[in-house]
Amino acid sequence: MGKTLSEKILGVHAGHDVRPGQFAIVRVDLAYVQDGTGPLTVRQMDKMGLSKLANPNRTIVFLDHASPSPRLELSNDHKLLREFCRRTGATLSEVGNGISHNVANEEYANPGEVIVGADSHTCTNGAMSAFATGMGSTDVAVAMALGHTWMRIPESWKVVVTGTFPKGVYAKDFMLHFIGTIKADGAVYKALEFVGPTMDSLSLAGRLTIANMAVECGAKVGLFNSDELTRQYLEKLGRPEKYLPLSADPDALYERVLEFDVGTLEPMMACPHFVDNVKPIREVEPIHVDQVFMGTSTNGRLEDFHQAASILKGKAVATGTRLLVTPGSRRVLLEGLADGTFQSLAEAGGIITGPGCGACVGVHEGVLGDGEVCIATQNRNFKGRMGNPNSFIYLASPVSAAAAAITGRITDPRDFL
Amino acid sequence: METLRGKAWKFRDGISTDHIAPGRLFYLRSNLPELAKHVLEDARPDFASRIRPGDFVVGGRNFGQGSSREHAPAVIKLSGVSAVIAKSFARIFFRNCINVGLPAIILNTDGIDEGDDLELDLMAGKLSDLTKDKSYAFPPLPTVMGNILKDGGLVEHIKKHGDFKIDE
């Protein structure tokens, strides 16, 4: 019988064919933690009496949520994590290197792998055709030590996407629309597979944006095929030998098949305080925006900043509005410096911060004041997410965010194109 | 496992891990007892100070949506809550509950009101609402999760068996 993408990948890693609903022990190729979840992982490993890692080169500790650290408690957490890496041989990704999922994408994730991370947006690298999924700190501790974990094999949903993106509409808008349609608990435990001509021709940056938000509708993973675009991407990153073509069998069985035509889409926005509270921007009240934040594991790649800079170049950020620009990784920072992207954004009035999660998680570098409104290119807008429960977060694409930075209000970006 | 008895604390649909363990208190993650003093603060400011050991958190749909932070179920447990009961759970949160030894029960909570006196029998798979004189059955956990919970959580499970016990 034909297999879906996740059945193929998980079957290989379980050592036997797998069926949805079955429970299996699954080998793990890459395991990682970040500085918010990592300290608990370290302590739990200690409590379990586990001191050795199954695969130190494929065990990564990312310092990204407090990068650099804004207070002594978090600095001490960083010390603990560095000590752990020294002691066990785990790979340290230092402050300033960038966001876990972004750096994992650039340096570690490969098609066909099973990746677990102590961060819900570990699903991001499903874009690389890896079964990548988020877990809690203790689960990842065990995966790091034993080299495997248990999984319930998910049912697969095929999401067939056709049509050409209209002007001003991007992968982020599609995914916001998808989550607004499916709802925050609509795809719990499912393995999503994004296929169809639109997805086949979508850049890796666009695929990463979509896969990143799979968890926002409850999915376990958001998978893409490994194809010619994946091969070119891996070649550019210096690991062409890691390419292998991957897709579902033509006779694979899906629990559900959904179809979307992006040709009818508009720029979209997730409104406070839930990710599935999605409307066309055209229908959102054009209120004043205090802060625009660009970056994150959702839209912190060079292509995203190129899109923002194409709107902002030669323009100025509105008075009364702050624009924060946070590269997702050191690589993106360096490339964006070299090609003038961050120069354009800085000249427009953007504040370029160091690579990391930045304002997204409410730890530092852009905490909101009471009653403030922020448009962010991130993936979550829960009450209090950015550090103040008395604030309002709207989610949008880099282009929509750039348009708002210029007008100082929620703005349909098509007015600028 | 004995039966658990306590008061119901009712919450709305979609309680997120940001409600449970707020982002602005990120720096307290290595001080769970301190973080526990703020549990569910952004949903109900009075919860942490008024809860009694043994009480139940009763939610609606998609309880625990959002982040994978294990600190969320950990502080719920630390605050003395004996179990979380909800119509449905976000998947990472559900798995984390079991891993920290906090029972997570799936059943239709529409009929349970704030302050109801509840009794939970994990072995029998039964929740009794003593105030309403109504009982609910719930299905057993998948084997591996049941084994982990029976052992008191993932740390205890691994210490006991050295690996996951996926079968009976």
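In this predicted model, A:I375 touches A:V289, A:V292, A:Y394, A:A396, A:A401, A:A404 and A:I410, leaving aside residues up to four places away in sequence; two residues are in contact if their C-beta atoms, placed from the backbone, lie within 7 Å. A:I375 is also among the residues with the most contacts inside the largest nonpolar core, together with A:L192, A:A308 and B:V84. That core has 189 residues. A nonpolar core is a set of buried Ala, Val, Leu, Ile, Met, Phe, Trp, Tyr and Cys residues joined through C-beta atoms within 7 Å. A residue is buried if 20 or more other C-beta atoms lie within 10 Å of its own, exposed if 12 or fewer, and partly exposed in between, with C-beta atoms placed from the backbone. The core draws at least three residues from each of domain 1 (7-261) and domain 2 (269-416) of chain A.

Residues are numbered from 1 along each chain as its sequence is written, while chains are lettered from A and ligands numbered from 1 in the order in which they are written. As the model is predicted, local features need pLDDT of at least 70 and side-chain atom pairs count only at pLDDT 80 or more, whereas totals for chains, interfaces and linings use all residues.

The two domains of chain A, with bounds that come from an automatic or database domain assignment, have centres 24 Å apart, taken over C-alpha atoms. Between them, 34 residues of domain 1 of chain A are in contact with 30 residues of domain 2 of chain A. On the domain 1 side of this contact, helix 4 (100-107), helix 6 (171-182) and helix 8 (204-212) of chain A each supply at least two residues; helices (H or I, at least four residues) and strands (E, at least two) are DSSP runs, numbered from the N terminus. Helix 6 of chain A provides the largest share of that side, 6 residues. By class, the side of domain 1 that touches domain 2 in chain A has 12 nonpolar, 15 polar and 7 charged residues. Here Ala, Val, Leu, Ile, Met, Phe, Trp, Tyr, Cys and Pro count as nonpolar, Asp, Glu, Lys and Arg as charged, and the others, Gly among them, as polar.

Between the chains, 45 residues of chain A are in contact with 36 residues of chain B. Strand 1 (23-27), helix 2 (38-47), helix 3 (72-88), helix 5 (137-146) and strand 7 (148-152) of chain A each contribute at least two residues to the chain A side. Helix 5 of chain A gives the most, with 5 residues. The chain A side divides into 19 nonpolar, 14 polar and 12 charged residues.

Helix 3 of chain A has 17 residues and reaches 24 Å from its first C-alpha to its last, close to the 24 Å expected at 1.5 Å a residue; the expected span is 1.5 Å times one less than the number of residues. Its buried residues are A:L74, A:D77, A:H78, A:L81 and A:F84. They cover an arc of only 120° around the axis, which puts them on the same side of helix 3 of chain A; the arc is that of the directions from the helix axis to the C-beta atoms. This buried set packs against helix 2 and strand 3 (59-62) of chain A. The face turned away from the buried side of helix 3 of chain A carries the exposed residues A:L72, A:K79, A:E83, A:R86 and A:R87. After helix 3 of chain A comes A:G89, with a positive phi near 85°.

In helix 12 (residues 330-338) of chain A, A:V332, A:L333 and A:G336 are buried. Seen down the axis, the buried residues of helix 12 of chain A fall within an arc of 100°, so they line one face of the helix. Their cover includes helix 11 (302-312) and helix 13 (341-347) of chain A. A:E335, also found in helix 12 of chain A, counts as partly exposed because it has 17 C-beta neighbours inside 10 Å.

The backbone itself deserves a final look. Most residues other than glycine have a negative phi, and most peptide bonds are trans. A cis peptide bond joins A:S67 and A:P68, with omega about 0°; A:P68 lies in the loop between strand 3 and helix 3 of chain A.
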